[in-house]
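I'm putting the structure on screen and writing down what I look up.

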Amino acid sequence: MSNPVNQPNPHFRARVLRRTLIAVAIFLIFFFGVLIYQLYALQLRDAELYRTEAVTQQMQDTELPATRGSIYSANGKLLAKSNTVWNIIANPAQSQTNGATTAQLQTAAEEIANLLNDGTTAESVFNILTATNSNGELYEYRVVAKGVEKPVADAIIEYSMNYRTDPPAGEEQGYRIVVLSTEQTSTRSYPYGAFLSSVLGFCNSDGSGAYGLEKSYDDVLSGTPGRSIAETNVNGEVLANGEADVYPAIDGNNLNLTIDENVQSIVEEYLTEAMDTFSVHGRGSAIVMNVKTGAILGMASVEQFDPNDPYTIYDSKMQAILDKETLDENDIDWLKSRLGEDEVADIIADGKISRETTMDEDGNPVSSEYTQLQGMMREAQWKNKNITELYMPGSVFKLITASAGLDSGIMTASQNFYCSGEFTVDAGTVWEHTYHCAENKAHGELDMAGALNHSCNLWFIQAAQTLQPTIFYDYIQAFGFTQTTGIDLPNETRWTSVYNAEQMAQVDTNLYTAAFGQNEAITPMQMATAVAAVANGGYLVTPYVVDSITDNDGNVVQKTETNIRRQVISEEVSEQILAMMETSVDPNSESPGDYHSNKNAYVAGYRIGGKSGTAERTDRELRGDGDYYKTMSFAAVLPVDDPEIEVFVVLDDPRWLRDYASEVVAPVVGNIISEVAPYLGIEQDPNYNPSGTVTVQTCLTYTWTDAQVTLNQLGLKHKLIGESSGTIVYQYPYGGSKVPAGSTVYLYTQSDQDAMTTVPDVTGKSGSFAEQMLRAANLNVQFEGDSGGKVVSQSVAANSSTAYGTIVTLTMDSSGTTDTGTEAVSEETTASSDAASSQDTASSDSQAGE
């Protein structure tokens, strides 16, 4: 019997079919569920996100930088400006998408480097065009070049637009091999280099203010960026027929300063000269300010730097030291003076400058000594010493003690104290100290004027004893020594070192040394502002350097007004102190023993009041001769009968034969006044005859400083031919000759040969223009007839060669009238041109002598 054939179980087949259908159904449900979810996510949940990404991919959003505002001097001279330039931007990722080959990118790199023509190599450009991130992905944004001028930028972009791959099938042109675009930006430039640099400051590489006015007024100068949004194709190219939405940038506003560039030039010239003459190891600083308003007319800190290249060290002495590996004693001395003993202590400990990077205890890298020192030198040259660094004022501070004594009513101008030459306090205690006056002089009985004139320390110690700590400290606060001046510059230090009433009450020596400005540290700006209050009737004003802010249309956005913070002393006391200050300066005024301690600051024709200060640097170790290093300062105000300006100068650590500010800094102040006062039209003493004649003093064998002082006191100007460190070997006009008051005497330290100049033709010119032309050619002028008329003839023939300082007598036609309006302007232009031509010739002739 055969076996029956196995027939499929109908129930099994039904189960398999059912399970298959269920599986298919589940799959379909899952698939459509995912699809529906994705549609939901794309069209509903994340619709805005994808819409934004799509727009982003299809749009080119470019920031349009605002042009940074300019900075102008008080006379409209452009001191800082921005120039529009372009950055070249590459998109390496898009180049890859477009099918660019390595060989094509190398070719492009060579052409771009050639077009830049600024030293950029083809290799560096190629590295940028193929740059990848840490994941190996090509960047979408890399800067090829910064600060490119428009013709170069246009040429590079045009090249990138034309250098393409072969066209794909059915298309007219290929894709860009190197995808480049431009970003508009700007560079900051300073037309006059180091001029006023410590005030102007500079900008960072991103265009933001880093120092000085650039930093404090960054928001005002920077403006508001705009935007340009344009549609692009899949290859990142802007559509030819598309229209960009442009939101224009709002350019920054401009700063108009109180700084007068002519005053500033004079200040910088004499301060720089003093740094060399007196071998100033620290820094020098100077301030010229309007004592009534607080407006700063000139401000300098020397050594300075060029803000066009701020990272270069411009002090040749500092750079020479930095280039060494082993330091000698002189190098170390300079570093301590310029950068601070404590700051450089670790670096100079072994007398070497290491260039190796080290590790600290935690394993973190520490910059090499070379790098640290370089950074300190840069920081030092950027600082505006007038507001960022402290100094000890010395005897200039006696003006504050005297003012406090008078204004408080505790003393009168006739207050007498006796100076025996030494004064011992707290005898038998740990605080015992014996004070002396300069050179251990015993001044005897002195009133207040005599004490200021002789700068008697012992008189002022006794004055402080009379005032007592509480009252004295009240005036120290009132004069602003415990707070910032509020000047509109950044980084004004908020830390000063002055004894408070409690400290002066607990330790007598704190009170006594404070009375004559020792062991207290303030900023030069604080001291200058306090002296201005002494001079202007007792009003403490806020100093400022920005007169107004204007927009690009010249509209005034903001105007600085005088800010009187408080009245410190009465106007009567101010007048009394001014009279005492004048006695110490004016050699023609009455004084017991005909002594005038500050006569080296005197300039004939001007009523000047002044006070010197020589402070011992107790924050430093002693010099090799056992004496202290010194900081010297001098404050002068004029005219005394109605003060308008103050000239304040500080020299930190000068090295000179005699350590007294009256002999080192006073001449510098006198020199500044000798040029600034006439320029500003400061009223002269009515008893002075500026049109008279003066007998020239023989200055042969004098130091340059002594010669300047002598000529200032005669009402004569002076110019140096040669190095300021030498003695005078020749002068013209000669000693004993008679010249018009105000004439210039040329002093030579290295040659006994006249520097020669070409005489301009001034016939037919007005007297004022003729004088301007001749003085520009280094010639002196004398008039015969009314100087307001026209020049009929000149005593030295036009176009002839003659010595610097020669007196050219101009015969005037007083019946003529000076042109006005357009003719006057035309004449002035001609005169300026002729004078400039003569000056060029003179400079060429005298180059060897200088």
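Predicted model: local features only at pLDDT ≥ 70, side-chain atom pairs only at ≥ 80, totals over all residues.

Which residue just after H24 takes a positive phi? I checked, and it's glycine 681, with a phi of about 70 degrees.

**Entry: more on H24**

While I was there, I looked at the helix itself. H24 covers residues 661-680 and bends by about 25 degrees at isoleucine 673. I also looked up how covered H24 is: 15 of its 20 residues are buried, so I'm calling it mostly covered.

**Entry: the whole chain**

I stepped back for the overall numbers. The protein chain has 27 helices and 33 strands. It has 850 residues, and buried ones make up 49% of them. Then I looked at contacts in the chain with a separation of 6 or more: residues 24 or more positions apart account for 72% of those.

**Entry: H18**

Next I went to helix H18, residues 457-467. Nine of its eleven residues are buried, so H18 is largely enclosed by the rest of the structure. Among the buried ones I noted Trp459, Phe460 and Ile461, and also Asn457 and Gln462. What follows H18? It's glutamine 468, and its phi is positive, near 75 degrees.

**Entry: H12 against H13**

I wanted to see how two helices sit together. The general idea first: two packed helices are described by the angle between their axes and the distance between the axes. For H12 (residues 329-339) and H13 (residues 341-348), the angle is about 145 degrees and the axes are 8 Å apart. From H12, the residues that meet H13 are Ile332, Leu335, Lys336 and Leu339. On the H13 side I found Glu341, Glu343, Val344 and Ile348. By class, that contact has five nonpolar residues, three charged and no polar ones.

**Entry: H14**

The buried residues of H14 are Glu369, Leu373, Gln374, Met377, Ala380, Gln381 and Trp382. What covers them includes H12 and H13 from my previous entry, plus helix H11 (316-322).

**Entry: cysteines**

A disulfide is a covalent bond between the sulfur atoms of two cysteines. Cysteine 437 is in no disulfide either, and its nearest cysteine sulfur is that of cysteine 456, at 3.5 Å. Buried or exposed? Cysteine 419 is buried, with a relative accessible area of 1%. Cysteine 437 counts as buried at 4% relative accessibility.

**Entry: valine 573**

Last stop: valine 573, which I found in helix H23 (residues 571-585). Its relative accessible area is 5%; buried means under 20%, so valine 573 is buried. Which residues does valine 573 touch, not counting those up to four places away in sequence? They are Ser403, Leu406 and Asp407. I also looked up valine 573 and valine 534: they are 39 residues apart in sequence, and C-alpha to C-alpha they are 8.3 Å apart in space.

Terms used: Residues numbered from 1 in each chain as written. Heavy atoms only, no water. Axes fitted to C-alpha atoms, helices over the stretch in contact; angles between N-to-C directions. Helix = DSSP H or I, 4+ residues; strand = E, 2+ residues; numbered from the N terminus. Contact = heavy atoms within 4.5 Å. Nonpolar A, V, L, I, M, F, W, Y, C, P; charged D, E, K, R; others polar. Buried < 20%, exposed > 50% of the residue type's maximum accessible area, 1.4 Å probe, protein only. Bend = angle between axes of the 7 residues up to and from the residue. Disulfide = S-S within 2.5 Å.
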